[in-house]
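Welcome, and please load the model in your viewer. Keep the selection panel open as you read.

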Amino acid sequence: MGKPSIRVEPAVAQVDEPVSIRASGLSPKAEVIVRARIQEFMGHSWSAHASFLSGCDGTIDANLDEPLRGAYCGVDPMGLFWSMSLVGNPEISSYLPTSVE
C-alpha cells in the first residue's frame, strides 16, 4: 500500500465538462470520506461529501463506485459537484439576482 492520494482529471474544467475522481493508496475495504468544497465569486462556500468503500486494491473511482452514504446516491462521477450545498449562512438561498433593475 502506497501513500494515499487523490487525482482529479482534468484539474481545471468548465462547469459542463465531466471530471474523473480517483483515490489510491488506501487501506483495502476501508470506508473513506471524500469531500469537495468550493468558494464562488461572491465568497460563498459550497460543499458535498460521500463515503465510499475502497476496493481490495485500495482504490476508489467515482466513475465506477457507488457511495455508501453522503450528499448523493448512485454511481455519478459528478455527484460531488451537483450535490453541493451552501455552507454557513442559511438565509442565502442563491447568489443569483431575483430581479433586474
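This tour goes from the sheet to the cavity and then to the pocket.

Before you click, note that this is a predicted model, where local features need pLDDT of at least 70, side-chain atom pairs count only at pLDDT 80 or more, and totals for chains, interfaces and linings use all residues. Residues are numbered from 1 along each chain as its sequence is written, and side-chain values use heavy atoms, with hydrogens and water left out.

**Stop 1: the sheet**

Show the cartoon and select β1, β2 and β5: they form an open sheet of three strands in the order β1-β2-β5, with antiparallel pairing. Strands here are DSSP runs of E with at least two residues, numbered from the N terminus, and two strands pair if DSSP finds at least two bridges between them. Because β1 (5-9) and β5 (60-61) are at the edges with a single partner strand each, one side of each has no neighbour in the sheet.

Five bridges join the antiparallel strands β1 and β2. Move on to β2 and β5, which pair in the antiparallel sense over two bridges. Here, R22 has D61 of β5 as its bridge partner, and A23 stands opposite I60 in β5.

**Stop 2: the cavity**

Next, select I21, R22, A23, V34, F52, I60, A62 and L80, which line the largest cavity. On a 1 Å grid over the protein atoms alone, a cavity is a set of points where a 1.4 Å probe fits but cannot get out, and lining residues have an atom within 4 Å of a point. The largest cavity holds about 40 Å³ of space; grid points are joined across faces, edges and corners, and a volume is the space filled by probe spheres set on the points.

Which strand gives the most to this lining? Strand β2 (residues 20-24) does, with three residues. The lining of the largest cavity divides into seven nonpolar residues, no polar and one charged.

**Stop 3: the pocket**

Finally, select V8, P10, A11, V12, A13, Q14, V15, V19, I38, M78, F81 and W82, the lining of the largest pocket. A pocket is an open set with protein on both sides within 12 Å along at least five of seven lines. The largest pocket has a volume of about 310 Å³.

How values were computed: Helix = DSSP H or I, 4+ residues; strand = E, 2+ residues; numbered from the N terminus. Nonpolar A, V, L, I, M, F, W, Y, C, P; charged D, E, K, R; others polar.
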